[in-house]
Amino acid sequence: MAAPELVPFRVDLLTREYPPEVYGGAGVHVEYLARELRPLADVRVHCFGAPRDEPGVTAYAGPPGLAGANAALTTMGVDLEMAAGCEGADVVHSHTWYANFAGHAAKLLHGVPHVVSTHSLEPQRPWKAEQLGGGYRLSSFCERTALASADAVIAVSAGMRRDVLSAYPEVDPERVVVVHNGIDTAEYARDDATDVLARLGVDPDLPSVVFVGRITRQKGLPYLLRAARSLPPEVQVVLLAGSPDTPEIEAEVHTLVDELRASRSGIVWAAEMLPKADVIQVLSHASLFVCPSVYEPMGIVNLEAMACETAVVATAVGGIPEVVADGRTGVLVPIEAGTDGTGAPADAGRFVADLAAAITSLLEDPARATAMGEAGRAHAIEHFSWPTIARRTVDVYRSVGAG
């Protein structure tokens, strides 16, 4: 008699971002997690935005009745529709505050476990009040409510786990586990072609430092732009930077870039979202990748650079020290945060000087930078593979009763 066919349990992933609408690390995480989970479970994805053609993926637009409302309120409206769509799930797994309320509502409505992945925390990002106004109080409510009642909380780094327990002391430490972000080292691998560089205006024969990320207080781009004033004159500064959080920080970055361009050549700024393959080529040819973040739960972009065999200079903050091995795959720059809760350095001048010094020291020792790049790829392959992370995530689902 044939053995009965194994019916996989159903997991519904709830996220704001999903391809092709991905602009941050959380979206990258969900993209690859969904792919690796599919052989292990029946995976459904609920996301924001335009309709998707991918089977098992449902996208939700803002409710018409909330057109023109505060962005956070519109998000909550989308979340309610997503929660309704989770009927039949065995476990729901939400990512970021944008989808946490959907997961919480689905837990209550359908009586299923709710797993939350914390890619960032609202209390660590008070500057979001500039962007959301009163919506920041709503986003904070969504996050706190979801974490306090979640059956399990996945922190993307040990640093993030500490932040969760500090920001939300009501959360049971036994329910908070660490599962790092991952990297596809088959996709993120060195690309020796130069067609993208030529299109952007980057000279492959000159040294370059590269920044990839959104224009937000969290990512610290203005500190890099100030540090660039003292870099050797032949060094190119390549910015793959867009999606500004506010008009104020966009204006600040424009001013700093204009000042740099007035005093030196080789400032390249691509403000549009580039295809993944283009970013990989730029990273592959960079002398260094620089991550000047003042808040970074893990910093998946550092893994992407490492997988492309590029040395990293990054702030020693959050989960970055768990990714970048200081002195082996890159250089960590210390930062002492001020007391305003934003993560901004107490002494901005000192942080900028230390950042410039770390960048310059590696630029002046290209053999060391090359060795760090090679070690970085090996480190990424050994410790951050997506199949391993997917299996650990399934273990979390099973710990709360799914599967």
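**Backbone up close**

Author: Let's start with charge: the 31 positive and 51 negative charges of the chain have mean positions 3 Å apart. Lys and Arg count as positive, Asp and Glu as negative, with His and the chain ends not counted; each charge is placed at NZ of Lys, CZ of Arg, CG of Asp or CD of Glu. Keep in mind that this is a predicted model, where local features need pLDDT of at least 70, side-chain atom pairs count only at pLDDT 80 or more, and totals for chains, interfaces and linings use all residues. Residues are numbered from 1 along each chain as its sequence is written, and side-chain values use heavy atoms, leaving out hydrogens and water.

The chain has 14 helices and 13 strands (DSSP runs numbered from the N terminus: helices are H or I, at least four residues; strands are E, at least two).

Now the backbone. Most residues other than glycine have a negative phi, and most peptide bonds are trans. Going from Pro 19 to Pro 20, though, the peptide bond is cis, with omega near 5°. Pro 20 sits in the loop between strand E1 (10–14) and helix H1 (25–37).

Thr 96 isn't a glycine, yet its phi is positive, about 70°. You'll find Thr 96 in the loop between strand E4 (91–95) and helix H3 (97–110). At 16% relative accessible area, Thr 96 is buried (buried is under 20%, exposed over 50%, partly exposed in between, with a 1.4 Å probe and protein chains only).

Ser 243, also not a glycine, has a positive phi of about 50°. Ser 243 belongs to the loop between strand E9 (236–242) and helix H9 (247–263), and with 38% relative accessibility Ser 243 is partly exposed.
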